[in-house]
Amino acid sequence: MVPAMAEAAAIAAESLAGGRARAARTVLDQVVLPGEELLLPEQEDAEGPGGAGERPLRLNPGARSRVRVVCGPGLRRCGDRLLVTKCGRLRHKEAGCGGGVYWVDSQQKRYVPVKGDHVIGIVTAKSGDIFKVDVGGSEPASLSYLAFEGATKRNRPNVQVGDLIYGQFVVANKDMEPEMVCIDSCGRANGMGVIGQDGLLFKVTLGLIRK
Amino acid sequence: MEGPVPIEAQIRTETGAESGLRGPGCSLRHFACEQNLLSRPDGSASFLQGDTSVLAGVYGPAEVKVSREIFNKATLDVVLRPKIGLPGVAEKSRERLIRNTCEAVVLGALHPRTSITVVLQVVGNAGSLLACCLNAACMALVDAGVPMRALFCGVTCALDSDGSLVLDPTAKQEKEARAVLTFALDSVEQKLLMATTKGLYSDAELQQCLAAAQAASQHVFRFYRESVQRRYSKS
């Protein structure tokens with residue numbers, strides 16, 4: 001039952017192939033490659049609420065409790081370790097509760113829709129009650145005509161094929177078609193909606209946008 | 001952002017297996033790799049081994065036709081174009097081998113109902129072509145940010161008539177060899193992902209070639225790591 005993290009770190013320091021697991025905090029801000037496994041830091045056993053010297057009774061006395069860590073983009077959980085799936089620099093951010101977030105900063109050109117992201121899309125088709133908007137992902141996102149500020153069944157928004165729309169994703173996961181809306185949770189547009197005729201559209205890299 | 005980052009790495013290695021059948025001075029040819037050199041694909045890489053050079057481009061995860069979509073994972077396509085002439089049966093067979101290797105490694109379950117396309121163009125062929133194609137495909141997949149469970153590399157061995165083993169053979173050595181074996185190995189534990197062989201060899205020789213290829217693959221993975229580190233150190 002000894003995780004032997006120090007030992008693992010020492011072994012891994014000599015191995016260049018990266019096949020052995022290393023402690024995540026020793027690899028922060030370094031380049032990681034797919035296939036590497038990272039060990040998570042473990043929590044110290046907290047003192048019980050009964051006072052000094054008492055420990056909470058555990059059902060499984062041998063196992064140590066682990067800090068709750070969020071696994072961000074580029075990492076997958078496998079067992080109690082993190083598996084790196086993309087190339088890039090490993091980053092960490094402390095959160096208020098738990099161990100924080102780990103993720104891999106990778107340079108990528110292809111956009112994958114994520115819930116909550118604000119995007120600019122081009123309307124490609126109008127079919128019945130929904131518009132299909134090209135957002136640069138693998139599928140066009142769907143946008144209902146009622147998802148605009150002040151839109152009702154009688155008062156349809158004036159959106160044509162080829163217009164630019166600024167909206168945010170409400171549904172974006174790997175199993176379903178992404179859906180976007182042009183209103184926020186209070187029903188206000190907040191800058192979202194059809195973008196006017198003047199202006200230019202530029203494609204920039206994802207790294208610049210994330211900064 | 002930055003343009004293509006050319007990376008040269010001279011790696012001459014003694015692969016160091018200790019069997020008596022091995023000839024002296026087994027070494028891999030000079031490697032070079034350049035990433036992100038094409039502007040339209042999502043990921044691209046050019047891999048050189050000696051005079052063999054392959055350019056790879058990866059598009060994905062992108063739209064897929066409804067007739068070809070798989071409900072729970074990504075559809076992987078590989079297209080290999082020879083340097084001259086139209087693609088023939090040999091290219092189709094290599095495409096299938098490369099596709100099987102990539103499917104074992106790419107996490108397709110994260111992008112169901114999409115397609116990931118790898119396009120390979122042979123720029124120069126001076127032996128060990130399939131291994132060079134595998135290396136270029138791996139570097140291009142990494143450049144595109146396709147999620148993978150491990151890296152992979154290709155290593156070719158040639159056995160000549162007196163039983164000596166040559167790694168990374170040139171075209172002339174391949175032609176004169178009694179057997180040519182190509183292996184695809186993964187980066188985590190150097191496990192075998194794909195093997196294709198041509199010619200006559202014994203069981204013991206197969207094991208020796210596999211061991212030599214596993215040792216050589218360490219150098220290829222170290223080269224991958226250095227080239228990726230150099231790329232990220234410039235950003």
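1. A residue is called buried here when its relative accessible area is under 20%, exposed when over 50%, and partly exposed in between, computed with a 1.4 Å probe and protein chains only. By that rule Asn190(A), at 61% relative accessibility, counts as exposed, whereas Ser128(B), at 1% relative accessibility, counts as buried.

2. On provenance, this is a predicted model in which local features need pLDDT of at least 70 and side-chain atom pairs count only at pLDDT 80 or more, while totals for chains, interfaces and linings use all residues. Residues are numbered from 1 along each chain as its sequence is written, chains are lettered from A and ligands numbered from 1 in the order in which they are written, and side-chain values use heavy atoms, with hydrogens and water left out.

3. Along the sequence the elements of chain B follow the pattern β-β-β-β-β-α-β-α-β-β-α-β-β-α. Of the 235 residues in chain B, 55% are buried. Among the contacts in chain B with a separation of 6 or more, 66% come from residues 24 or more positions apart, a contact meaning heavy atoms within 4.5 Å.

4. An open sheet of chain B has four strands in the order E8-E7-E9-E10, with antiparallel pairing, where two strands pair if DSSP finds at least two bridges between them. Strand E8 (165-167) and strand E10 (192-199) of chain B stand at the edges with a single partner strand each, so one side of each has no neighbour in the sheet. From one strand to the next the twist averages 20 degrees.

5. The bridges of this sheet can be followed strand by strand. Strand E7 (residues 152-159) of chain B and E8(B) are antiparallel over three bridges, and Cys157(B) stands opposite Leu167(B) in E8(B). E7(B) and E9(B) are likewise antiparallel, over eight bridges, with Val155(B) opposite Phe183(B) in E9(B). Seven bridges then join E9(B) to E10(B), again antiparallel, and Leu185(B) stands opposite Leu192(B) in E10(B). E9(B) and E10(B) form a hairpin with five residues between them, and Gln190(B) in the turn has a positive phi of about 50 degrees.

6. Strand E9(B) deserves a separate remark, as eight of its eight residues are buried. In a regular strand the side chains alternate between the two faces of the sheet. Here Ala179(B), Leu181(B), Phe183(B) and Leu185(B) point one way, while Val180(B), Thr182(B), Ala184(B) and Asp186(B) point the other way, and all are buried.

7. H1(B) lies across E7, strand E9 (179-186) and E10 of chain B, running at about 165 degrees to E10(B), with axes fitted to C-alpha atoms (for helices over the stretch in contact) and angles from 0 to 180 degrees between N-to-C directions. H2(B) packs on the sheet, touching E7, E9 and E10 of chain B, and its direction makes about 170 degrees with that of E7(B).

8. Helix H2 (residues 129-144) of chain B also meets helix H4 (residues 203-233) of chain B, their axes coming within 12 Å and crossing at roughly 35 degrees. On the H2(B) side the residues are Asn135(B), Cys138(B), Met139(B), Val142(B) and Asp143(B), and on the H4(B) side Val220(B), Tyr224(B), Ser227(B), Val228(B) and Arg231(B).

9. Five of the seven residues of strand E5 (residues 75-81) of chain B are buried, so E5(B) is largely enclosed by the rest of the structure. E5(B) runs parallel to strand E6 (residues 115-124) of chain B, to which seven bridges join it, and Leu76(B) has Ile116(B) as its bridge partner in E6(B).

10. Most residues other than glycine have a negative phi, and most peptide bonds are trans. Asn190(A), in the loop between strand E13 (179-181) and strand E14 (193-195) of chain A, has a positive phi near 55 degrees. Ser128(B), in the loop between E6 and H2 of chain B, also has a positive phi near 55 degrees. A cis peptide bond, with omega about -10 degrees, joins Gly60(B) and Pro61(B), and Pro61(B) is placed in strand E4 (residues 52-62) of chain B.

Methods:
Helix = DSSP H or I, 4+ residues; strand = E, 2+ residues; numbered from the N terminus.
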